[in-house]
Structures are given as structure tokens and as C-alpha cells.
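Visitor: Could you walk me through a few of the packing and pairing details here? I'd like to start with helices and then move on to strands.

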Amino acid sequence: MTVLEKGNITIHTENIFPIIKKSLYTDHEIFLRELISNSVDAISKLKMASLSGDFKQEVTEPEIVISVDKENKTLSISDNGIGMTVEEVKKYINQVAFSSAEDFINKYQKSANDFIGHFGLGFYSAFMVAKKVEIDTLSYQEGAQAVHWSCDGSPEFELSDSSRTEVGTTVTLTLLDDEQEYLEPSRIRQLVKTYSDFIPVPIKFEGEQINKQKALWKESPQNLKDEDYLEFYRYLYPFQEDPLLWVHLNTDYPFLLNGILYFPKLRPDVDVSKGQIKLFCNQVFVSDHCEEIIPEFLMPLRGVIDSPDIPLNVSRSALTNHRTVRRIADFISKKIADRLKSLYNENAQDYIRCWEDVGTFVKYGSLKEDKFKKQVEDILIYRTTYKPTENESKSESETPKVEVQGAEEDIWQDVSQEKQDSDSPLVAIEKQGYTTLQSYLDRNQERHENRVFYCTDASTQATYVQLYKNQGLEVLYFDSFIDTNYFIPFLEREYDKVKFSRVDSELDQTLLQEDKSNEIVDPATNKTRSEQIKELFEKALDNPKLNIKTEALKSDDPQGTPPAMVLLPEAMRRLQEMTALYQQQALAFPEEHILMINTAHPLIDNILKLNQGSIVTGSGESPSAKMAKMLCQHVYDLALMSQKGFDAQGMKSFVERSNQVLTHLTEKL
Ligand SMILES: Nc1ncnc2c1ncn2[C@@H]1O[C@H](COP(=O)(O)OP(=O)(O)OP(=O)(O)O)[C@@H](O)[C@H]1O
């Protein structure tokens, strides 16, 4: 071996190697990604040289081969790429690689751990794990001399002849004593799978290819079937439920970006604030913490974003304000909105199927970003009690105002489609039991202008909803966790004249009989029947915090209405909900609430009569007064039960009292 040259690497920071070894401590493993990426670059450069006719020999199948030698403690990465001449080694390794290393280290020292995946550390990252690095390379150029370069981690290097005969490069690392893990085959496989799984060159290790290679996001969406997307999702997120829908991102102007984003089924045990989107740069994995790039409200999405235009060597804080990054974020939001709009327009059934989970993203996004809100406001839908009749569904006026950006303003192609169906999208949505807020307001303008009746729990509020439905009033379901505390107040700000009332907050006038039973029945006390009922219940229940009111519910069949209802005034209930939320406590049922007695119900009438017919005997209550009291309690229990159900104690006393009432009743038979 002839030593061609010995020399010093041109760097200005004296102690660059100790810094590489120590400062970048946490991310040592990325050296393999960097070396593999260099090999991929070298392979594609050779391909170009061959295409342009610069390289006349036959190009062999490109491949990268990794091998370990446990005895000598070496790990080597070999490629059949373009190789380097002596001059190139001097220039690219001794000068370029190390001066860019110096730049990076200087930046890095200021804000350690602030870089996304320490991307582009380059060749010198090998020194994080190696005490000696050797390069054995032969350039593709005719007559090139094979070169051997070696450096032991000091700024000194040695260049010598090499006996290499194949065009390409082998980088061999003699690992440091505490970096021996990289001799383990399982570790190598894991690193390749994490970082280099999708690079377009086969990586061979122990005689087999260990990377998947096919980066689905780089393919044209036209050539892909649903099953391809699902299979890819299952590969990225094994043992997870299939996603609801996905968006294939594909643009080359004003930045290059490819990706596939999936809407997963939202599960309560998944922390949605932790991003699950994988960031790639030219098919090389960079990080799965890309909070700075993806708009926050899209964090629960999964999938891949690949863009060489995301600056990866700036600090995370600088990324957030970076112009390209902001444009990328806008682009992604818009694409998501477009995808949802096209689904809304094309397939009401699928849109609704996804809505339960996707709706939460969309609502959250609308709260967070005004731009996104504007894109999706016409496709926010709510489950409703409204059922369109045949005539209505044909109506032309139901055509929705789905806003589609004009082509000139839109630098990204729009995906809105011509409608094939005879029904307008809104009609199709309404046939499936959903509606938009605007449609609700328009439909109910005459009966209750600017008021929205809603229900947050279909089972506990079923009695109330039924009452509204019986009187032909439409109720919307707002039952996602985001609705009560955030989204309804948000909608009230957006539609500033509109007020939302939960079905159990107060009863709308349309539900009540106008001429209340105000006939005077007791000339002695001058009390109306309603006042007598109120008094009877107040005495029987003996709870000063309970506000008892009387109303007559409108109905063709009073037996079909509830005898009493518990009401929680809207403002008071919301305040309690907010307080519970901020104090992170479970929401307790408020002690102060309204018990509304339905004076039109026959049971209330019977209880009143039972009480009035009682004969006071000696010291105690008459049996019928006792019974009336018990029944009042029972009516209250039933009202509570249909509002919130019981806790253990409540259930126990309810069952006990029910048994007593039944016993008393059967005694009389
Ligand atoms: N396997 C290889 N085959 C051929 N040339 C290589 C190889 N590895 C490195 N080089 C040369 O050395 C140069 C410096 O490599 P280095 O990894 O430090 O930086 P880079 O690849 O240019 O950029 P990055 O910092 O993004 O990795 C490369 O640009 C390339 O010219």
C-alpha cells in the first residue's frame, strides 16, 4: 500500500470530534441513516452519469450491502454508486464534509436537542460511534485510481492506494467500545426499518433485502387502489383499526411535497396531542415529531409527509415561523378540507359514517383556525330528529352553498366534483338523519327563530327529546366531548343572534298549554290548583334548594307526557360544567335545580285528589296523605331518573320506595 498523503482536515473548531462524540449523544443511531443516504445519492448519481452517456460500462443492479464483523468490531456500508477519485475524497470528505460539520456543530451547540431528527449530519456523524472510519472507493471515471482513506477521529487523515476493482464505495467503521450494539444484527435491522425502509435502493444484510422499498406516497394516486392505502396503513401502524379515510398529497409547486394522511378512528386511550405523522425527506425517515409543520388540530392524523423543502437544519422554534413551513401547513389543511368536501358532495352515507370521528377533528380545526373554518363551515353536520318528507327532498332550495375556491386563486388543484346524484348533497345528508346548522335555522325560522334545541345524551335526555318531537320541534344532537364546553359557545359567537338551549334547560312556550289551570278552586285560601300542587310537592319533598314550578304540558294524550321533569337552566348548567372542567372534577348533579310538575298529567291530578281526600286522624297523617307524599317523592324520583339516572344510594332508596308504594297500593285491593 502506497501512502498518497497524510494531512490535517481543514477545520477551525479545534475540538470538533469530541463534540461530535459527546454532544450529539442522544441521536447516535442516525449515523447509519446518513451513510445509507450518501450511498443512495451515489447510486443515483451513477445512474444519471450512465443516462447522460458519461458512464459507458453496464450499470449493475444498484444495491447497498451492510455487513458486520464482530471479531474486528467493524460495521461496513457498501454501495455500487458513483465512487470518488482521490481529488474528490480530498475535496468532499476532507473539506466539504468537515466544514459543514463545523457549521452544524456551531449551530447545534447553541440549541442542543432543538433540531428535528438531526437531519443531514452527513458523513462525519460516523464519528459518533466509531474510533476509526475508513473509506474504500473507486470512481466511475475512466482510469480512476481506487483510494483508501482513513481517519482515527483526530483531525488527521491518511490517503493511500486501494486494491478495489468495483466502482463504488465502502465505508467501514471500527466501533467505539461503548457502541458495540451496532454489531448486533437485530439492531441493524431495526435501524434500517426505522430510517431507511422506503429508500428506493435495496439494502442487503445477511444475504437478504431488509428494507421495504416501495414508498406508496411517491406513487401516483391514479395507480393506487383502496387496498393499497389500507395495506400501507397496516404496515405503518400494525394492530390498529383501519382508518376511516385518507388524503393523498401530491404537489411540486410552490414546494415539493408528497404524503398520505389518514384519519384514524379516534380512541379514548390514544393521546391525540402526540403526533403520529412520520416526517420523511426524500424517503428517508426524519422524525415523528413534526408538531411544527402539521397544524395542531391535525395532530391526530396519521401517515407520512415527505418534503425536501422543509428546512431540517434550523431549530424547531425557527421552523414554526418559516415561510415554507407555514405554506405547507396551509396546503395540508386545505387538502384535508377539500377531501372532506368532496366526500360530502359525493357520498352522504360515507361522510356520515366517518363523521362521528372526523367531525371532532373538523370541529376542533374550526375552533383553532379561521382559514380552515371557512373551508369547512358548510359541511359541519349534526344528527337531528328532523325527517324530510318526499316533497321537501325534491325541493330546489335545499341546494347547499358548498363554497369552492375559484381556480385562479387556487394554486393547488381543486377536487370538487360534479354531482351525479339527483339529490343535492344536503338532501342526501338529511335523508340520513343529519343536517347543517343553517338548514336547521332556515327550517325552524317561523316557529323559533334563532333558537336551537339540542341534546347531549340520547339516552338520559330521551324523555325530553320525545316531548319536543311530539310537538313537532326539531332537536339536534351535540354529543361529542368537544361540543358542550367548546363548540356550542363557538357557534354562538359565530352566529351571534342564535341561542342554544339544551332540551332539559327550560321548556319552550310551544310545549306548554297557554291557559294554565288557574281557576280558583279553594275559596277559603284563594289558591289555584297549580298553587295547591306546588304546595303539596314542596311539603312532601321538603328540600329548600329545589325550585318547584308548575306547567301544563301540551299534548293530545296527557298520559304520554311525563308527570314531572327536572330542568337545569342553561346558563347555570354551563357555568357548572366549565367549573368542573377547569377544576378537573367530575360534573356533579347540581343540588339546585327545577322540578317542573306537569299539572295536565292525570297522575298529578290523582295525587292532589288523594291528598285532599285525606282525613286527618288524631296525631299523625292520614294513610292517603302519607300515600300522596310518597307518590310525590316517587314522581320526583322518576323525573330525576329520566334526567340523569341514579347513583348507588339514589337507586337503593328508589327501589325501596317503589316497593313501599306498591305494597300500599296492593293493600287497598
Ligand atoms: N458513499 C459515497 N459515495 C460517493 N460519494 C460520497 C459517499 N459518501 C459521501 N460522499 C461524498 O462526500 C460528500 C460529503 O458527504 P456528507 O454526507 O458529509 O454531505 P452531503 O451528503 O453532501 O450532505 P448531507 O449533509 O445532507 O449528508 C458528498 O456530497 C459526496 O460527494
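Visitor: At roughly what angle do the axes of H2 and H4 cross?

Guide: In this predicted model, the axes of helix H2 (residues 30–51) and helix H4 (residues 185–195) come within 10 Å and cross at roughly 65°. Angles of 65 to 115 degrees count as roughly perpendicular, and H2 and H4 are therefore described as roughly perpendicular to each other. The crossing is right-handed.

Visitor: OK, and which residues make that contact?

Guide: From H2 the contact uses Ile30, Leu32, Arg33 and Ile36, while H4 contributes Ile188, Leu191, Val192 and Tyr195. Sorted by class, the contact of H2 with H4 has seven nonpolar residues, one charged residue and no polar ones.

Visitor: Which positions does UniProt list under "binding site"?

Guide: The unreviewed UniProt entry lists Glu34, Asn38, Asp79, Met84, Thr169 and Arg316 under that heading. These positions are spread over 283 residues of sequence and are also spread in space, with up to 34.7 Å between C-alpha atoms.

Visitor: Now strands. What's the order in the five-stranded open sheet?

Guide: The order is S16-S15-S18-S17-S19, and the pairing is mixed. Strand S16 (434–435) and strand S19 (499–502) stand at the edges, each with a single partner strand, so one side of each has no neighbour in the sheet.

Visitor: How many bridges join S15 to S16?

Guide: Two bridges join strand S15 (residues 382–384) to S16, and these strands run antiparallel. Arg383 has Tyr434 in S16 as its bridge partner.

Visitor: And what about S12 and S13, how many residues sit between them?

Guide: S12 and S13 form a hairpin with two residues between them, and Asn282 in the turn has a positive phi of about 50°. Strand S12 (residues 276–281) pairs with strand S13 (residues 284–287) in the antiparallel sense over three bridges, and the bridge partner of Phe280 in S13 is Phe285.

Terms used: Residues numbered from 1 in each chain as written. Predicted model: local features only at pLDDT ≥ 70, side-chain atom pairs only at ≥ 80, totals over all residues. Heavy atoms only, no water. Pairing = 2+ DSSP bridges. Helix = DSSP H or I, 4+ residues; strand = E, 2+ residues; numbered from the N terminus. Axes fitted to C-alpha atoms, helices over the stretch in contact; angles between N-to-C directions. Parallel < 35°, antiparallel > 145°, perpendicular 65-115°, else oblique. Left-handed = near helix turned anticlockwise from the far one by under 90°. Contact = heavy atoms within 4.5 Å. Nonpolar A, V, L, I, M, F, W, Y, C, P; charged D, E, K, R; others polar. UniProt positions renumbered as here; feature names shortened; annotations may be inferred.
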